[in-house]
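Please look over the model shown below before reading on. The notes that follow are grouped by topic.

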Amino acid sequence: MLEIKDLQRKAGKFQLEHIDFQVEEGYLVGILGPNGAGKTTFFKALMEPKKGDKGTILWMGKDIRKNHVEFLGDTAYITEDMMFIEKLTAMETAQMLGVFYEHYTDEAFEACMEKVGVSKNITIAGMSRGQKIRFQLAFGMARKAKLYLMDEPTAGMDPAFRKEFYDLLREILAEGATVLMSTHVQSDINRNMDYVLTLKEGKQLRFQENFGEAEEWSEVEI
Amino acid sequence: MKIIIKPQGTLAIYEQIVNQLKNGILSGELETGEALPSIRKLAADLQVSVITTKRAYEELEKEGLIRSQAGKGFYVCEYNTDYLKEKQFMMLETHLSEVIEECKAAGLSKEDILEMVETLMENN
């Protein structure tokens, strides 16, 4: 379980205030808000805590600031802005970074890359935006991350990518991971999110369960 | 049976699932004791969030149509027809009690009320 209690963080003139919610394993939280609402600052508060941050963040009952190395071991932060060495292939990058993660294996990474549909021999420089996101997702899966923090993973992606992406997320969630992802695409929210955290100007407007409306047909035989 | 999610302005996805499963159970298409797909499987197959299918099952459980067995999943209730009848009786009793209270408040005796009921039933 991830528990955020009255989180506050200053970033220059910007102030993130009174973020307060909790989410259990296996659920997907959408973080919704326009640019400047505090989505990235929120992720930074988890990934790079600093002095002056207020409130409490508990992961599996433990204060993440006191157990940050352990927390990072469980967490995959996925963003377009991630810095990698451009000339290395996906496989070489994973091998290099995998050293830092207890559960990482090359075999698992190869299997995960197959699952996300990206060649392990492609270089970072040669990846499209969507491939870069999927590569990071595969790396997280290969090292058995339990918490995925994703900053706008679907921005600018076509509906086909989105559908495949959510199918992958459902697999990760079914295995008990927790996923928090920011978006400003309403159709991402409708069907897919379990909870929605709405931010505005650094404040939490609401955190609520999401019972979406259908936009497209789907059917199943039971 | 088939569950179909349609773009419908007024109904949330979980309501569509509830309605269709309810019809399936009451029509006998889903038999008593039959296992339902897990919350996660149904969500994945319908491509909806887990909270949606969870809510749908919770509603059906509240209505006594399905039951959850810890660690195993959800099943169509064995006694759902009896349960529904009982529920209906309870609802009618509540309505009748209200009417009786109103009759008393209007100064009618027990005989007056019974006579009124008899007349009304004959006319029907």
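In chain B of this predicted model, the C-alpha centres of domain 1 and domain 2 lie 35 Å apart. Domain 1 covers residues 13-78 and domain 2 covers residues 81-123, with bounds that come from an automatic or database domain assignment. Residues are numbered from 1 along each chain as its sequence is written, while chains are lettered from A and ligands numbered from 1 in the order in which they are written. Because the model is predicted, local features need pLDDT of at least 70 and side-chain atom pairs count only at pLDDT 80 or more, whereas totals for chains, interfaces and linings use all residues.

**Overall form of chain B**

- Chain B holds five helices and three strands, where helices (H or I, at least four residues) and strands (E, at least two) are DSSP runs numbered from the N terminus.
- Read from the N terminus, these elements of chain B follow the order β-α-α-α-β-β-α-α; the radius of gyration of chain B is 21 Å, well over the 14 Å that the globule rule gives for 124 residues, so chain B is more spread out than a compact globule.
- That radius is taken over C-alpha atoms, and the globule rule is 2.2 Å times the number of residues to the power 0.38.
- Taken along the principal axes, the C-alpha atoms of chain B fill a box of roughly 60 × 35 × 25 Å.
- Of the 124 residues in chain B, 26% are buried; a residue is buried if 20 or more other C-beta atoms lie within 10 Å of its own, exposed if 12 or fewer, and partly exposed in between, with C-beta atoms placed from the backbone.

**Helix H5 of chain B**

- Helix H5 (residues 110-123) of chain B has 14 residues and reaches 20 Å from its first C-alpha to its last, close to the 20 Å expected at 1.5 Å a residue, the expected span being 1.5 Å times one less than the number of residues.
- H5(B) is hardly covered, for the count of buried residues among its 14 residues is zero.

**Where chains A and B meet**

- Contacts (C-beta atoms, placed from the backbone, within 7 Å) involve 26 residues of chain A and 26 residues of chain B.
- On the side of chain A that touches chain B, the elements that give two or more residues are helix H6 (159-174), helix H7 (186-192) and strand E11 (218-221) of chain A.
- E11(A) and strand E1 (residues 2-5) of chain B run antiparallel and are joined by four bridges, two strands being paired if DSSP finds at least two bridges between them.
- Within this pairing, Glu221(A) stands opposite Lys2(B) in E1(B).

**Individual residues of chain A**

- Lys203(A) has its place in strand E10 (residues 203-209) of chain A and is partly exposed, with 15 other C-beta atoms within 10 Å.
- Although Lys203(A) and Gly38(A) are 165 residues apart in sequence, they are 7.8 Å apart in space, C-alpha to C-alpha.
- Leaving aside neighbours within four places in sequence, Lys203(A) is in contact with Glu17(A) and His18(A).
- Asp6(A), in strand E1 (residues 2-11) of chain A, has a positive phi of about 45° although it is not a glycine, and counts as exposed with 12 C-beta neighbours inside 10 Å.
- Lys144(A), found in the loop between helix H5 (129-142) and strand E7 (147-151) of chain A, has a positive phi near 55° and counts as partly exposed with 17 C-beta neighbours inside 10 Å.

Notes
Contact = placed C-beta atoms within 7 Å.
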